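Work through the exercises below with the model open beside you. Try each task before reading its solution.

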Amino acid sequence: MNVREKYRRFVCALLIIGVLSLALCGAAVFQDAGSGALKGNSNSELTDSVSVDAAQSGITGTSVTADQTSDRKQVYVGGTPIGIYLETDGVYVVDTGTITARDGSSCCPSENIVQSGDYILAVDGEEVNTKEELISCLSQCDGNSVVLDVDRQGEQISLKITPVLDSDGDYRAGIWVRNDTQGIGTLTWVDEEGYFGALGHGISDVDTAGLLEIETGTLYSAEVVSIVKGEAGTPGELSGIIHYSGNCQIGIIEENEENGIFGRVTGFSLAIEDETLIETALKSEVEKGSATIRCTVDGTCRDYEIEIREVRTNSGDINKGMVIEVTDPELLALTGGIVQGMSGSPILQNGRLVGAVTHVFVNDPTKGYGIFIEDMII
């Protein structure tokens, strides 16, 4: 059971107790941004870049019953840029590599032992949460073998390696690791209970493409400072600055899932500019035709015209439920279409929130994919 579900059940329990009481008384650092990975600097972006065939036919909506409409909820719509900082649950292994030993030989002490995607949790029983702690533990091995406690795809295993004294006189294991990541994306929604959803896709490591298991994460306010327009074959990007000071904190990230990042808002006024509640739409209500996306590319959060070209309710990829095309002349002039950094931009149609931008087509930046909001709000 995820955190949001526990919270909702807790609120429901409180409501039930309140009703009973009244009756008795009488009255939620890297170079590339592909596959949803974050860059490790203040100029990073989050929207995926893909090259796809957009010729597949779409599937239009069907009628909605009264029971289906009761599944809708109301949310505050985002569109504001957000700075994202994540710390992994353990030290994340990117790859293994060769080191030069003090005697001049080349070796890789961890090759075929440690694997990309592993999370190192402890060294000889001592917990490690950062790469600095891992380096410190290895430096004290004095050439002896050490045992790494590792999480590999959810299974806890122990691995023995023998660090080697390198040319600088330090003991190394030949492991490329990271324990945090940061970048810029777009907030999608905040509900009445204070939970938020953003990006429309999970955050994966750019090198391994694996969805990152996070321990902690924080949302901060961010500012777009420049735009690189998208061109055929070269995705554009929004470059920005993340404001890390305490009074610029927007929320706490609690979950990194396939359909987005989720958590609790701590600075509502920083997250939402339009305090109007809007209904969410079911997949069956989304139609091919005119719609808008809400985003901030020139300092102002506003809506831009798009067309929903395909509605793919049976798509096997949750992040690619819609094919959209930017038609707004102003947005095309500013960005060339969809650019990296716009992941999570809300898609609105017929007065409802229907989804969020997730990908841009590398071969045509005016087009991209979107996730249904029904798949993003559970």
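Two strands count as paired if DSSP finds at least two bridges between them. Keep in mind that this is a predicted model.

**Exercise 1. Strand pairing**

Task: Find the bridge partner of Leu-219 in strand 16, then follow strand 16 to strand 17.

Solution: 
- Start with strand 14 (residues 214–228) and strand 16 (residues 249–257). Three bridges pair them, in the antiparallel sense.
- Look across from Leu-219. Its bridge partner in strand 16 is Gly-251.
- Move on to strand 17. Strands 16 and 17 run antiparallel and are joined by six bridges.
- A hairpin of two residues leads from strand 16 to strand 17.

**Exercise 2. Aromatic pairs**

Task: The structure holds five aromatic pairs. Classify the pair of Tyr-76 and Phe-268 by its geometry.

Solution: 
- Take the two quantities needed. A pair of aromatic rings is described by the distance of the centres and the angle of the planes.
- Apply them. The ring centres of Tyr-76 and Phe-268 are 5.1 Å apart and the planes stand at 75 degrees, so this pair is edge-to-face.
- Place the residues. Tyr-76 belongs to strand 2 (residues 74–77) and Phe-268 to helix 4 (residues 268–271), so the pair ties together parts 192 residues apart in sequence.
- Phe-268, at 28% relative accessible area, is partly exposed.

Solution: 
- Locate the partners. Trp-189 is in strand 12 (residues 175–191) and Phe-262 in strand 17 (residues 260–265), 73 residues apart.
- Finish with burial. Trp-189 and Phe-262 are both buried.

**Exercise 3. Nonpolar cores**

Task: Which residues of the largest nonpolar core touch the most other members?

Solution: 
- Name them. In this core of 24 residues, they are Ile-293, Ile-308, Ile-324 and Ile-347.
- Trace the strands. Strand 19 (289–296), strand 20 (301–311), strand 21 (322–326) and strand 23 (352–361) each give at least two residues to the core. Strand 20 supplies the largest share, four residues.
- Zoom in on Ile-293. Beyond neighbours within four places in sequence, its contacts include Tyr-304, Ile-306, Leu-331, Met-342, Ile-347 and Val-357.
- Look elsewhere. A second, separate core has 22 residues, among them Ile-84, Leu-187, Leu-212 and Ile-261.

How values were computed:
Residues are numbered from 1 along each chain as its sequence is written. This is a predicted model: local features need pLDDT of at least 70, side-chain atom pairs count only at pLDDT 80 or more; totals for chains, interfaces and linings use all residues. Side-chain values use heavy atoms; hydrogens and water are left out. Rings of Phe, Tyr and Trp (its six-membered ring) pair if their centres lie within 6.5 Å; planes under 30 degrees apart count as stacked, over 60 as edge-to-face and the rest as tilted. Buried means under 20% relative accessible area, exposed over 50%, partly exposed in between (1.4 Å probe, protein chains only). A nonpolar core is a set of buried Ala, Val, Leu, Ile, Met, Phe, Trp, Tyr and Cys residues joined through side-chain atoms within 4.5 Å. Contact means heavy atoms within 4.5 Å.
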